[in-house]
Amino acid sequence: MRGVKNREYLSMLLNRFELDPNISIKQMSLGVKRKLAVVTAFMHDPEILILDEPTSGLDPVMQETFIEFVREEKQRGKTIFLSSHIFHEVDAVCDRIAIIRDGKIVSEFQSEELKQKHDRIYRVSFADADSYTAFVSKPFTFTSKNKRKLRVRVQIPAEQVGALIASLKGFHIADFIEIPFTLEDYFMGFYDTGHHFEGVSSGRSERK
């Protein structure tokens, strides 16, 4: 039915996803059925694919196998539209991402833009209470303060990182760590009940 001509490519898929095609579908577990769906989607080597939650039901090892495989297929020139709520998967394989709420695209961007343009968040731990008390009085945006652990989180624009580091001079610092801002953090911001959207375009895809 697929008109498969390249049997070597099909064999590669079966080996890659550890799928035995001789097993009856009725005997397959949910995870094996999901692997079957992936293989049947790719087996005729199409140029364009539309995948909806493709790794749902796959174990973590197979999820990573799928991610690596999609990366390779992109290098071969395929266009892949991927809808998924697995943020690690989207972040790992998509070049361009759209976030959808209530059937409308509320944000669309290149995947690298999120990492480059968003505010930075840093966790600063102090070695003594005096340093902690003095620092929290500074005019920074603190997303959290923990007096017991002498620890704060500071959110600042990327261009102000140098000013933050300079302001720590003279304090006794135990550690200074950047907290990565993730795609999930950005996505959940659009589902905050206080978030309003204007002028969004319609559409549906989280895509490459």
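1. Glu 68 and Arg 71 form a salt bridge, with their closest N and O atoms 3.5 Å apart; the term stands for a side-chain nitrogen of Lys or Arg within 4 Å of a carboxyl oxygen of Asp or Glu. Because Glu 68 and Arg 71 are 3 residues apart in helix 3, about one helical turn separates them. Glu 68 is partly exposed at 38% relative accessible area, and Arg 71 is partly exposed at 37% (buried is under 20%, exposed over 50%, partly exposed in between, with a 1.4 Å probe and protein chains only).

2. This is a predicted model: local features need pLDDT of at least 70, side-chain atom pairs count only at pLDDT 80 or more, and totals for chains, interfaces and linings use all residues. Residues are numbered from 1 along each chain as its sequence is written, and side-chain values use heavy atoms, leaving out hydrogens and water.

3. The structure holds 11 salt bridges. One of them joins Asp 45 to Arg 76, at 3.0 Å between the closest N and O atoms. Asp 45 sits in the loop between helix 2 and strand 1, and Arg 76 in the loop between helix 3 and strand 2, so the pair ties together parts 31 residues apart in sequence. (Helices, H or I of at least four residues, and strands, E of at least two, are DSSP runs numbered from the N terminus.)

4. Arg 76 also meets Glu 73 in a salt bridge, again with 3.0 Å from N to O. Glu 73 is buried, with a relative accessible area of 3%, whereas Arg 76 is partly exposed at 47%. Through shared partners, salt bridges join Asp 45, Glu 73, Arg 76 and Lys 78 into one network.

5. The largest nonpolar core has 36 residues, and Leu 13, Phe 17, Phe 42 and Leu 51 have the most contacts inside it (a core is a set of buried Ala, Val, Leu, Ile, Met, Phe, Trp, Tyr and Cys residues joined through side-chain atoms within 4.5 Å). Helix 3 gives the largest share of this core, 5 residues. Apart from it lies another core of 15 residues, among them Val 124 and Phe 126.

6. There are 10 aromatic pairs in the whole structure (ring centres of Phe, Tyr or Trp, the last by its six-membered ring, within 6.5 Å; planes under 30 degrees apart are stacked, over 60 edge-to-face, the rest tilted). Phe 126 and Phe 171 pair edge-to-face, at 6.2 Å centre to centre and 75° between the planes. Both are buried.
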